[in-house]
Amino acid sequence: MRDQYRVVVIGGGIVGASVAYHLALRGITDVLLVERDRLTSGSSWHAAGGFHAINPDRRVAELQRYTIERYPAVEAESGQAVGLRMTGGVELAGTADRWRWLRGELSRIRAAGHEGAELLTPAEAAALVPILEPEGLQGALYDPEEGNLDPVGAVTAYAVAARARGVEIAEGNRVTALARRAAGGWTVATEQGDVLCEHVVNAAGLWARRVGRMAGVDHPVAPLAHHYLVTDAIPAVAALPGPMAAVIDLDGHAYLQREGDGVLLGVYETHPAHWSVEGAPWDFGMQLLPTNLDRIAPELELARRRFPALADTGVRRWVCGPLTATPDGNPLVGPVGGLPGYWAACGVFAGFSQSAGVGLVLANWLADGDPGLDAFGLDVARFGAFASEDGYLRATTGQFYARRFVIPYPGEELPAGRPLKTTPAHERLVEEGARHSVNWGLEVVRFVPADPGFAERPGLSRPITCPASAETHAVRTSVGAFEIAQNARYEVSGPGAASWLDALLASRLPATGRIRLAPMLSPSGHLMGDLSVTRLEPDRFWLTASYHLQAWHMRWFAARLPASGVRLRNVTDDLMGFGISGPASRSVLASLAADDPSADVTPGGLAFLGIRPIRIGGTEAVVGRISLTGELGYEIVVPRERHLALYEALFEAGRPYSLRLVGDRALDALRLEKGYGLWATEYRHHVTPAMCGLDRYVAYDKGEFVGREAALRDREAGPARRLVMLRVRAADADARAGDPIRLDGRPVGEVTSGGWGHFVQTSLALGYVDREVAAARPPLTVEVLGDPRQAWVMGAPPYDPTGARLRDR
């Protein structure tokens, strides 16, 4: 071990070994991998070694597929066998809902390239797995891209291949401290001496939280105890001439794979147990945890019913070992804001399905400054500091574990860790009957049912009764109000503010007192945000963006902030307020501002995309004329401490106009009726302005800005796919993100969001299709839960296609 390297990777499990290998693949070979004990001595050595390519996040699924495809190459390069067995796998459906969900899953994975996937009858599934009891099953989904391997062999193969490419590996050498150097880079203190480096990668697995705290960051990762058993020989398994398909019994919360002449059965119990949430003890290594058969007894009983041979077979060994999870179950990868040169590669629950994907993303990011794909589903910045609070972390990671095989129903609200953050008006809204959703820890109104006894039942079908319908009609015909606390807001000020923003944003800057929609791009020309920029004063601006992107955007801003002349503040929690929208909204605002003689809210005084201060109830509010509903609308921003007072004054002023509280469900339906895109659905990091239509806000001719050259090339060449609006002849369910769009049976695109247009009374969807399809607009089909439904590309939104109501002059 030398005393200086470009990169130090901490952790010698499957993730750390993959990261080191992928860095070497990118030509970064001045790398030290340091392991406190010996390779695999965390979670890797006792892992079951199963893998699959299916994930609810399409981008994560692609990385899992890459991981599986990488194993043969690493085996060949290293000469170390990984024990790869491509057995295929079946997911069992024991209920009608589960069967319908699997039909939808099949259409999605086939569109993603899993052409060998197919649906099976219960008898066909039992033919692949002779110990399976088919009675009570609806059917199964078979995917050939599943299997298992030798965990120790896989880690060793990555390590051997990385070492052959120039990586150094130091085992038996614990990291004891991390310190930032004044000149840049890090000092990594180890038991064998200090090492200087430019970058340090936390791939410490069970110890990731401890290592993160050395650097000053508390990662939201928590170990949970996971059980599996390995049986004695089972005659029906031993008699198989070849491999046996792996099984996921979704309704039984269990997985099963062949192990010699017996099987390995693992369970995800519905009442999981955490272990050493602060991080594993330093002296914990190749050890197991005590088994707790009482805790997993309900799942074991379900397994014995589904696989009756287990009842008569002995258990050769029990394994209970810790696995780390994050609140949503996906890894934490990427640079940590405020800590230049510190990288996360931890919280990888499904290591043998995701390790190569994690290594690829991190190596690209470190080498190029960009992950090379939309990696937000893995990005360490998708969580805020709140996610590491002990109660929240325990609740959400436990919820993820217990729901590992549970159907994720559209719009279903999950209770873990809630309420965590609320607005000052929250209790009053609850008194008014508001039901809440959650956005990055913040409670957000979902809908307000007229019937206090209304109970929403999660399901795959569109609900027969939906409170959002009445809220939608209120906005279209009169006026509705909604909180805007779920908008992130950043204040940029100082003598250099305008020039910095002009180079950062792809749009022109607005004049003082005006708002402008402002795409923000990466150097590769892909979206980094669909912001609005408000010019309050010549040298003072607001940037408004998606609430859940605060850590992501602050990392991006801070990395580009000049040393002087510009002040950046995240004022999201300091400034809140309400939006009002609908034909009567101007009248409500005029009544609200009656005490301010200078408040001219007529079109001449407050034009579309205009902004001005108005005194409301003794408080100077900032009012902007902007709307996401397609109606005349305003946003009223006040200091946090005046948020509740604004609510009281607003609803008093709105009483004559039957002002109605509106939730996110209605707002989503309203924006769909206008064909407006949103971040995380239509707008994502892999999308360019020309793809999604935001190019109309890009000032290509204004001079240099981040991503300009790439955006020009994309505009000139034309994107391969374009965003379109679809009318769908849906049955009892609407299209949702990821549903395939087909032309004459071949995939030509996919849905990004969909839902029922309550006012226009039709099922709508937004999605990306091949540009030729977008231009020709032929009849299409959208596969909704696997059911092909007719769909048509719309040339204009079904509601107010000219935008006259929005601009209401």
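## Exercises on helices and aromatic rings

Helix 19 is followed by glycine 718, whose phi is positive, near 85 degrees. The exercises below concern this predicted model.

**Exercise 1.** Determine which residues of helix 19 are buried and what the cover over them includes.

*Solution.* Step 1: Helix 19 spans residues 708-717, and its buried residues are Arg708, Ala710, Ala711, Leu712 and Asp714. Step 2: The cover over the buried residues of this helix includes strand 23 (515-521) and helix 18 (689-692).

**Exercise 2.** Describe how helix 1 and helix 5 pack, and state the handedness of their crossing.

*Solution.* Step 1: Two packed helices are described by the angle between their axes and the distance between the axes. Step 2: For helix 1 (residues 14-25) and helix 5, the angle is about 25 degrees and the axes lie 8 Å apart. Step 3: Angles under 35 degrees count as roughly parallel, so helix 1 is roughly parallel to helix 5. Step 4: The crossing of helix 1 and helix 5 is left-handed. Step 5: Helix 1 contributes Ile14, Ala17, Ser18, Ala20, Tyr21 and His22 to the contact, while helix 5 contributes Ala154, Val155, Tyr158, Ala159, Ala161 and Ala162.

**Exercise 3.** State the count of aromatic pairs, then classify the pair of tyrosine 71 and tyrosine 158.

*Solution.* Step 1: The count comes to 23 aromatic pairs. Step 2: The rings of tyrosine 71 and tyrosine 158 are 6.5 Å apart, centre to centre, with 65 degrees between the planes; the pair is edge-to-face. Step 3: Tyrosine 71 belongs to helix 2 (residues 58-78) and tyrosine 158 to helix 5 (residues 151-164), so the pair ties together parts that are 87 residues apart in sequence. Step 4: Both tyrosine 71 and tyrosine 158 are buried.

**Exercise 4.** Explain why the pair of phenylalanine 386 and tryptophan 440 is edge-to-face, and decide whether each residue is buried or exposed.

*Solution.* Step 1: The ring centres of phenylalanine 386 and tryptophan 440 are 5.1 Å apart and the planes stand at 80 degrees, so the pair is edge-to-face. Step 2: Phenylalanine 386 lies in the loop between helix 9 (351-368) and helix 10 (390-402), and tryptophan 440 in the loop between strand 19 (435-439) and strand 20 (442-447); the two residues are 54 residues apart. Step 3: Buried means under 20% relative accessible area. Phenylalanine 386, at 9% relative accessibility, therefore counts as buried. Tryptophan 440, with a relative accessible area of 15%, is buried as well.

**Exercise 5.** Identify the ring over which arginine 476 lies and the ring over which arginine 489 sits.

*Solution.* Step 1: Arginine 476 lies over the face of tyrosine 799, 3.8 Å from the ring centre. Step 2: Arginine 489 places its charged end over the ring of tryptophan 542, 4.9 Å from the centre.

Terms used:
Residues numbered from 1 in each chain as written. Predicted model: local features only at pLDDT ≥ 70, side-chain atom pairs only at ≥ 80, totals over all residues. Heavy atoms only, no water. Buried < 20%, exposed > 50% of the residue type's maximum accessible area, 1.4 Å probe, protein only. Helix = DSSP H or I, 4+ residues; strand = E, 2+ residues; numbered from the N terminus. Contact = heavy atoms within 4.5 Å. Phe/Tyr/Trp six-rings, centres within 6.5 Å; stacked < 30°, edge-to-face > 60°. Lys NZ or Arg CZ within 6 Å of the ring centre and 35° of its normal. Axes fitted to C-alpha atoms, helices over the stretch in contact; angles between N-to-C directions. Parallel < 35°, antiparallel > 145°, perpendicular 65-115°, else oblique. Left-handed = near helix turned anticlockwise from the far one by under 90°.
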